[in-house]
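Colleague: I'm new to this one. Could you walk me through it and tell me how you know each thing you say?

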Amino acid sequence: MSRGRDIGEAIVRPRLSIPGRIALLLLALFGLLPIYWLASTAFMKKEAVFALDRPLFPVDPTLENFIGFFQNDALLQNLANSFIVSIGTAVLSVLVGGLMAYSLSKFRYRGRNPIMFMFLIGQLIPGALLLISLYLMLSSAGLLYTYTALIISFTTFTLPLVVFLLKGIIDGLPDDILEAAKVDGLSRIATMFQIVFPLVVPGLITAAMFAFMRGWSDLLFALTLAGPDKQTLPAGLTQAFIREGTADWPALMAASLITSLPLAIIFILLQRYFVSGLASGAVKG
Amino acid sequence: MQQAILDRPATREPIEPQSRRRTTLGAKDRTFGFMIALPAVLLFLVIAIYPLVSSIGTSLYDQSLLRPDRTFVGFDNYTAIFGEFMARLGTTLTFATLATIFPVLLGVALAVLLNARMRGRNILRGTLMLPWLLPGVVVSFLWAWIFNDSYGVLNHLLTMVGLPEVSMLGNPTGAMAAVVIAKTWHSFPWIMVVALSVLQTLPSEQLEAATIDGATRSQRFRYISLPHIVGPVALVATLEFIYNFGNFDTIFVMTGGGPGDSTTTLAVSLYQLAFGSYELGKASAMGVLWLILLAIISSAYLLLNRRLEKR
């Protein structure tokens, strides 16, 4: 058996030829060298990167760039804001998106198709097209420059994502389970909270993490709707380093690493789900 | 694709088709289904659909962040910004097209290469996901640093091997190339993962049968693997194009739309009009014209999506 399978495997997955290996090496270098440069600059001294004989690796590594970040009150506030807003976005999206997904997946009613269409289109609307109206709306509601403003605006792109991700997962639940719950005399609400959602907890967590990551990474809304006190790291970093023209590159790279770290941790925890979520096409790249 | 998340229990007895089962649900079930949809529907109507519609209204007014009152001007905003819209549209199309083609080529190439048998394949695939993981602003900071004229590592390396330095962010062509490269680097892992997972669903019998019939390796790729991944890749490419069309962070952080307005795409231009010049009416008019284009491109995506689902 194993021999036959080996031959099949060799056909389906041949070994790489020499040109193939060289191509892979070059592409992998393009993918990975910038990561190396991000990490290694973060550990360099500011003077070192401006020197004539600037090294390609941190010869005299330092933590001063990271320490500098944690001594900067504005950036720390940005970091806290990022957590508050991204968690808020994830919770809101999964709460209403989970109900929506269950509804789309297991129920048929008039208006279901238009609703599904609305969210399908919703995935494609760029933030810039909502920006001005959201600004005016939030402004007249007295919500401009609040956490709520950011959570609401982030939800415009996380909600469709969460709905379709969870719909795909709940679709996989056999209808028998629901029938059985009905026969057992469980109410519809109890079925939902005691049977359906507990069965898809990994999916709910994955969806929450995706929403968190998308909120964490947004720049446009953070720059325009949050104001200096409530803005998240991407907006804070853009203003602190780029707009003011002070290009302290090692400090910026260290701050970038810190900004990316939560996402890397989430990725490592959920790598398995990421690949299937990405591959299902439900998730934006 | 979701089996990984939720393994379906083995079926012991034949289940009636789902669609039939669902239509037997009672009226109360239908009401319940509708009720639990309401929170999301109402929320999305208020925060996304209403803003989209109301921007059409705003586009008909002379409205500024600097003045509390607004005056109706009909289509004046449209005539005022039309020339600029067309210019920005050209830039946007250039960026969106290039920043879609390169990640697709790169992602598919990597998927095919990584589909081969080799040691360390999973580690390589995992680490190559890293660029996708980074927030857009981080990608922009990083590439702005790499391309920095005076101290960037690109010019440093070029000098070391005796080649002339290049100025990327200082001239129009270089700046466009720079943002396309940065966006390519950010997007290729997504395409790679999609293409790789589709390649892995290819039934091995087909490839084996073709081999027995004497098909060479390149023929197997050309006539079996490639047709197999073309549909899903076209779908993600269309999505990628739509997202690139609306990209803001990559360009805004790296070039701010410059030098001059050589990299000012619609998103950057709309932002500058609204929050740089405070011209909300004109910015909205630009948005409405963009919305019309988006509707056309989105229809293409939806059609493609439907065709693939039927397959």
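**Asking how we know**

Modeller: Chain A comes to 15 helices and 0 strands, where helices (H or I, at least four residues) and strands (E, at least two) are DSSP runs numbered from the N terminus. This is a predicted model, in which local features need pLDDT of at least 70 and side-chain atom pairs count only at pLDDT 80 or more, while totals for chains, interfaces and linings use all residues. Residues are numbered from 1 along each chain as its sequence is written, and chains are lettered from A and ligands numbered from 1 in the order in which they are written.

Colleague: What makes A:Asp248 partly exposed?

Modeller: A residue is buried if 20 or more other C-beta atoms, placed from the backbone, lie within 10 Å of its own, exposed if 12 or fewer, and partly exposed in between. A:Asp248 has 15 within 10 Å, so partly exposed is the label. By the way, A:Asp248 sits in the loop between helix H14 (233–243) and H15 of chain A.

Colleague: Which residues is A:Asp248 in contact with, leaving aside its neighbours within four places in sequence?

Modeller: A:Lys46 and A:Phe241; contact takes C-beta atoms, placed from the backbone, within 7 Å. The C-alpha atoms of A:Asp248 and A:Val49 are separated by 9.5 Å, though the two are 199 residues apart along the chain.

Colleague: Why is helix H5 of chain A called largely enclosed?

Modeller: 24 of its 34 residues are buried, so the rest of the structure largely encloses H5(A).

Colleague: How do you know that the length of H5(A) agrees with what it should span?

Modeller: The expected span is 1.5 Å times one less than the number of residues. H5(A), residues 73–106, has 34 residues and should therefore span 50 Å; its end C-alpha atoms are 49 Å apart, which agrees.

Colleague: Where does H5(A) bend?

Modeller: At A:Gly97, by about 25°; a bend is the angle between axes fitted to the seven residues ending at a residue and the seven starting there. Helix H2 of chain B (residues 27–58) bends by about 40° at B:Leu45. Buried residues in H2(B) include B:Phe32, B:Ala40 and B:Thr58.

Colleague: What are the domains of chain A?

Modeller: Domain 1 (14–62) and domain 2 (64–279), with bounds from an automatic or database domain assignment. Their C-alpha centres lie 32 Å apart. The contact between them takes 9 residues from domain 1 of chain A and 9 residues from domain 2 of chain A. On the domain 1 side, H2(A) gives the most, with 4 residues.

Colleague: How many residues does the contact between the chains take?

Modeller: 95 from chain A and 97 from chain B. Helix H15 of chain A (residues 249–279) gives the largest share of the chain A side, 16 residues. That side divides into 59 nonpolar, 27 polar and 9 charged, counting Ala, Val, Leu, Ile, Met, Phe, Trp, Tyr, Cys and Pro as nonpolar, Asp, Glu, Lys and Arg as charged, and the others, Gly among them, as polar.

Colleague: What makes something a nonpolar core?

Modeller: Buried Ala, Val, Leu, Ile, Met, Phe, Trp, Tyr and Cys residues joined through C-beta atoms within 7 Å. The largest nonpolar core has 160 residues, and B:Trp143, B:Ala178 and B:Ala195 have the most contacts inside it. Helix H8 of chain B (residues 172–199) gives the most to this core, with 18 residues.

Terms used
Two residues are in contact if their C-beta atoms, placed from the backbone, lie within 7 Å.
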